[in-house]
Amino acid sequence: MQIQNDSPTENSVLQNTNAFLGKIEAGFLCLIVAMMIGLAILKIVMRYVFSASLLWSDTMLQHLTLWLCFLGAALASCERRHISIDVLNRILPDKYTRWTNLVIDAAALVVIAILAYYGFLFLGDEQSSEAVLIGSVPLWWAKTIIPCGFVLIGIHVVLQIGIHLTGSGDTPDTVEGEAD
């Protein structure tokens with residue numbers, strides 16, 4: 001049974017939305033890497049030139065790393081470069097792998113929803129903490145990426161499912177340049 005492309009414009013809208021979110025995430029990733037490099041250089045200069053230290057810098061670098069990981073995972077989901085086990089793709093005929101990929105994406109979406117739910121519960125607990133990052137900025141703000149990162153990943157998976165269902169099967173299961 002072949003999935004028909006009844007709505008090519010809808011498929012295009014989903015692909016464009018997915019690509020647009022990916023570009024925003026890539027931009028934030030570049031900004032975060034630049035901030036991390038700048039902060040590391042500032043720490044070195046402060047320590048060896050001015051014999052001073054930035055008390056908040058280690059905590060900031062830890063949380064920027066957290067943001068880097070979650071945004072990187074969202075971008076990987078956007079490009080279908082996330083970790084996957086493709087044993088079924090290798091042993092099943094093409095007409096079945098399209099459906100198994102859909103089932104796997106749906107199962108992944110359930111797991112992502114559960115992780116996002118618990119991420120929001122965690123963030124709610126963190127909001128009661130009085131810890132600060134810099135000045136009067138609460139530390140829990142830096143942890144908002146945990147549930148939001150799972151939501152972003154979930155959005156990409158939903159878009160991928162939509163592209164799969166509305167497309168004619170032109171969404172690759174492997175990424176360009178990847179070995180078959």
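This note goes point by point through a predicted model of one protein chain.

1. **Overall layout.** Start with the count of elements. The protein chain has 5 helices and 0 strands. Read along the sequence, its pattern is α-α-α-α-α. The chain holds 180 residues, and 34% of them count as buried. Its accessible surface comes to about 11300 Å². Carbon and sulfur atoms account for 67% of that surface.

2. **Two helices side by side.** Find helix α2, residues 57-78, and helix α5, residues 145-166. How far apart are their axes, and at what angle do the helices pack? The axes are 8 Å apart, and the angle is about 5°. Angles under 35 degrees count as roughly parallel, so α2 and α5 are roughly parallel to each other.

3. **The α2 and α5 contact.** Which residues meet here? From α2 come L66, W67, F70, L71, A73, A74, S77 and C78. From α5 come I145, I146, G149, F150, L152, I153, H156 and Q160. Trace both lists on the structure.

4. **V151, also in α5.** V151 has its place in helix α5. Is V151 buried, exposed or partly exposed? Its relative accessible area is 35%, so V151 is partly exposed. Leaving out residues up to four places away in sequence, V151 touches A116 and F120. Now compare V151 with I112. These two are 39 residues apart along the chain, yet their C-alpha atoms are separated by 7.6 Å.

5. Eight names to locate: V33, I37, I41, I44, V45, Y48, V49 and F50. Together they make a nonpolar surface patch of about 810 Å². One of them, V33, lies in helix α1, which spans residues 8-48. V33 has a relative accessible area of 37%. Patch residues need over 30%, so V33 clears that cut-off, and V33 counts as partly exposed.

6. **Salt bridges: the D58 pair.** Side chains of opposite charge can pair when their charged atoms come close. The count here comes to 4 salt bridges. One of them joins D58 and K43, with the closest N and O atoms 2.4 Å apart. D58 lies in helix α2 and K43 in helix α1, so this pair ties together parts that are 15 residues apart in sequence. D58 counts as partly exposed, at 43% relative accessibility.

7. **Salt bridges: the D105 pair.** The side chains of D105 and R80 also meet in a salt bridge, at 3.3 Å from N to O. D105 lies in helix α4, residues 94-126, and R80 in the loop between α2 and α3 (87-91), so the pair ties together parts that are 25 residues apart in sequence. Is D105 buried or exposed? At 9% relative accessibility, D105 counts as buried.

8. **Salt bridges: the E126 pair.** E126 forms a salt bridge with K143, and their closest N and O atoms are 2.9 Å apart. E126 lies in helix α4, while K143 lies in the loop between α4 and α5, so the pair ties together parts that are 17 residues apart in sequence.

9. **A closer look at K143.** K143 is a loop residue, found between α4 and α5. Is K143 buried or exposed? Its relative accessible area is 15%. Buried means under 20%, so K143 is buried. What is K143 in contact with, leaving aside neighbours within four places in sequence? The list is H63, F122, L123 and E126. E126 is also the salt-bridge partner of K143.

10. **Two positive phi values.** Most residues other than glycine have a negative phi. Phi of S51 is near 50°, a positive value. S51 sits in the loop between α1 and α2. With a relative accessible area of 68%, S51 is exposed. Phi of R80 is near 55°, again positive. R80 is found in the loop between α2 and α3. R80 also forms the salt bridge with D105.

Methods:
Residues numbered from 1 in each chain as written. Predicted model: local features only at pLDDT ≥ 70, side-chain atom pairs only at ≥ 80, totals over all residues. Heavy atoms only, no water. Patch = residues over 30% accessible without salt bridge, like charges linked within 9 Å, V, L, I, M, F, W, Y side chains within 5 Å. Areas by Shrake-Rupley, 256 points an atom, 1.4 Å probe, with all protein chains shown as cover. Helix = DSSP H or I, 4+ residues; strand = E, 2+ residues; numbered from the N terminus. Buried < 20%, exposed > 50% of the residue type's maximum accessible area, 1.4 Å probe, protein only. Axes fitted to C-alpha atoms, helices over the stretch in contact; angles between N-to-C directions. Parallel < 35°, antiparallel > 145°, perpendicular 65-115°, else oblique. Contact = heavy atoms within 4.5 Å.
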